[in-house]
Amino acid sequence: MVASIAIVGSGPGGFYAAAALVKQVPDCRVDVIDRLPTPYGLIRAGIAPDHQSSKKIAKTFERTATHENVRFLGHVEVGKDVSISELREHYDAVVLATGAPEDWTLGIPGEDLTGVFGSAEFVAWYNAHPDKNDLAPDLGTHAAVVIGAGNVALDVARLLAKTETEVRATDMAHYAADAISEAPINDIYIFARRGPLQAAFTHKEISEFGELENAVTLVDGSILPSEDEQLIEKGRGSQGKNIKFLREYAKNKGDEKPVRIHMRFYARPVEVQGDDFVKSIRMERTELKEDGSCVGIGEFFDVPCNLVVSCIGTWGNKIEDVPYDEKRRLFVNSEGEIEPGLYASGWAKRGPTGTVATNHPDGVAVAKHIAELTPDPAKAGPTGLDGLLAERGVRVVSFEDWKKIEAAEEESASHGAPRRKFTEIEEMLAVLDKG
Ligand code: NAP
């Protein structure tokens, strides 16, 4: 008897789990289900479009997707086309790899004004995710504000600062490349509520701010830590190394290039101001407390801007009948096990942290649990799901179909871009209709 496993979500959390399963559970049958016709989750719609080398992992996932015991079922929405309880009826195990697609909110007045976006929606927009192709942020502003000091904040600020040549060479959605190319933005503010040694971004990402064609990065050198403090931090990862780059940027004057990126520390947002549209953001200066957190010191300043992108982290959606940790906003689990037969992998398991490869051990842990299960001969596995989907008239997009969509995207690329992404599901299905 072989085990059958359904994985919900085809991003890194899903594909690392599939890869570990075929390795660790002999002869198991794995179905990787995604509601989009395209696989790879954040590899396609999260990683910045100018970071193509980070997307190469898709080739490894492709080897898993084409393994004889693995299927990709795209364009199947769990919760609409099939429920979790139906999957559990048919498969020995179900793995939730549904990511963390929702934005945390700032919790300050004015954040609902037009022109304020969360990073999850903004990133999905520029990455051509069909859910957010109509976001249409108005980039017709001279100043943009990015809140947060993580790698997503750096992605957003860097892309907004790029020239037409720079963005056209990426696989950014064509509408986003148009909007960024035409945007009159010449000041981009990145606000970190704590100091440079507490920043969550990593040195490779901050180093790229020295390589922008049209933009210069500015930092107030007086707030950078002394060499001693930096040495203390060195053992703690990237933060010490970040300072080297920040010191370089502190030497810039601001008139070197037409666009200025202001990297500001010790400031937190307290109010977004405007009528319907954002007109400015009020910031409060902060200081660090002994425990590493920060506190406002009652000194305020306003930054005029018509665009605010809040990059302060994301969380994962609930699924009916699946235990959910309301505080951390992820599935309650122990080493990936929610309960016997139901598992979580990737950001749905541990929240949005780490690099793509950080999801690898999650997959291994899930496969370890599943390897210990005794397959149930009464479970129909993939044939059970196929029956349900056929009965409901669901148009399943196979991996072979996806390869046709991918080829069409690659064929229509220009300006040295790797692909021109479809932005609508209908466009993708039309490629398949053409045969
Ligand atoms: P993140 O790394 O957790 O950074 C979130 C930032 O938002 C932190 O600086 C945090 O400051 C700040 N923040 C949180 N709440 C705030 C508030 N209320 N007001 C002001 N600031 C607030 O999250 P992320 O940037 O979304 O990235 C998610 C994960 O993906 C990370 O592991 C990241 O490294 C990874 N990623 C990697 C890459 C890459 O490798 N190139 C690219 C993108 C993302 P505090 O520290 O003070 O809380």
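A polar side-chain atom of arginine 194 lies 2.7 Å from an oxygen atom of the ligand; a polar contact is a pair of N or O atoms within 3.5 Å, where within protein one atom must be able to donate a hydrogen and the other to accept it, and residues adjacent in sequence count only if both atoms are side-chain atoms. The structure is a predicted model, in which local features need pLDDT of at least 70, side-chain atom pairs count only at pLDDT 80 or more, and totals for chains, interfaces and linings use all residues. Residues are numbered from 1 along each chain as its sequence is written, and side-chain values use heavy atoms, with hydrogens and water left out.

**The ligand and its surroundings**

- A polar side-chain atom of glutamate 205 lies 2.8 Å from a nitrogen atom of the ligand.
- In the side chain of asparagine 151, an N or O atom is 3.1 Å from an oxygen atom of the ligand.
- Taken alone, the ligand exposes 920 Å², and the protein buries 76% of that; accessible areas come from the Shrake-Rupley method with a 1.4 Å probe, and for residues only the protein chains shown count as cover.
- There are 19 residues around the ligand, and Ala149, Arg193, Arg194, Glu205 and Gly354 come nearest; a residue is near a molecule or strand if one of its heavy atoms lies within 4 Å of it.
- This shell divides into nine nonpolar, six polar and four charged residues; Ala, Val, Leu, Ile, Met, Phe, Trp, Tyr, Cys and Pro count as nonpolar, Asp, Glu, Lys and Arg as charged, and the others, Gly among them, as polar.
- Helix α6 (residues 151-160) gives the most to the shell around the ligand, with three residues; helices (H or I, at least four residues) and strands (E, at least two) are DSSP runs, numbered from the N terminus.

**The protein as a whole**

- The protein has 16 helices and 19 strands.
- Its radius of gyration is 23 Å, close to the 22 Å that the globule rule gives for 435 residues, so the protein is as compact as a globular protein of that length; the radius is taken over C-alpha atoms, and the rule is 2.2 Å times the number of residues to the power 0.38.
- Along the principal axes, the C-alpha atoms of the protein fill a box of roughly 70 × 50 × 40 Å.
- Of the 435 residues, 54% are buried; buried means under 20% relative accessible area, exposed over 50%, and partly exposed in between (1.4 Å probe, protein chains only).
- The accessible surface of the protein comes to about 19500 Å², and carbon and sulfur atoms hold 49% of it.
- Among contacts with a separation of 6 or more, 74% join residues 24 or more positions apart; contact means heavy atoms within 4.5 Å.

**Helices α8 and α5**

- In helix α8 (residues 174-182), the buried residues are Tyr175, Ala176, Ala177 and Ile180.
- These buried residues pack against α5 (119-126), α6 and α7 (164-168).
- Serine 119 is found in helix α5 and is buried, with a relative accessible area of 4%.
- Leaving aside neighbours within four places in sequence, the contacts of serine 119 include Asp103, Val152 and Thr314.
- Although serine 119 and threonine 314 are 195 residues apart along the chain, their C-alpha atoms are separated by 8.2 Å.

**Two buried strand residues**

- Threonine 217, in strand β9 (residues 215-219), counts as buried because its relative accessibility is 2%.
- The side chain of threonine 217 reaches the backbone oxygen of phenylalanine 209 at 3.2 Å.
- Not counting residues up to four places away in sequence, threonine 217 touches Phe209, Tyr249, Asn252, Ile261 and Met263.
- Leucine 73 has its place in strand β3 (residues 70-73) and is buried, with a relative accessible area of 3%.
- With the residues up to four places away in sequence not counted, leucine 73 touches several others, including Asp34, Leu385 and Val397.
- The C-alpha atoms of leucine 73 and aspartate 34 are separated by 6.3 Å, and the two residues are 39 apart along the chain.

**Positive phi angles in loops**

- Most residues other than glycine have a negative phi.
- Alanine 128, which is not a glycine, has a positive phi of about 70 degrees.
- Alanine 128 is in the loop between α5 and β7 (143-147) and is buried, with a relative accessible area of 3%.
- Glutamate 335 also has a positive phi, near 55 degrees.
- Glutamate 335 lies in the loop between β17 (330-331) and β18 (337-339) and is exposed, with a relative accessible area of 56%.
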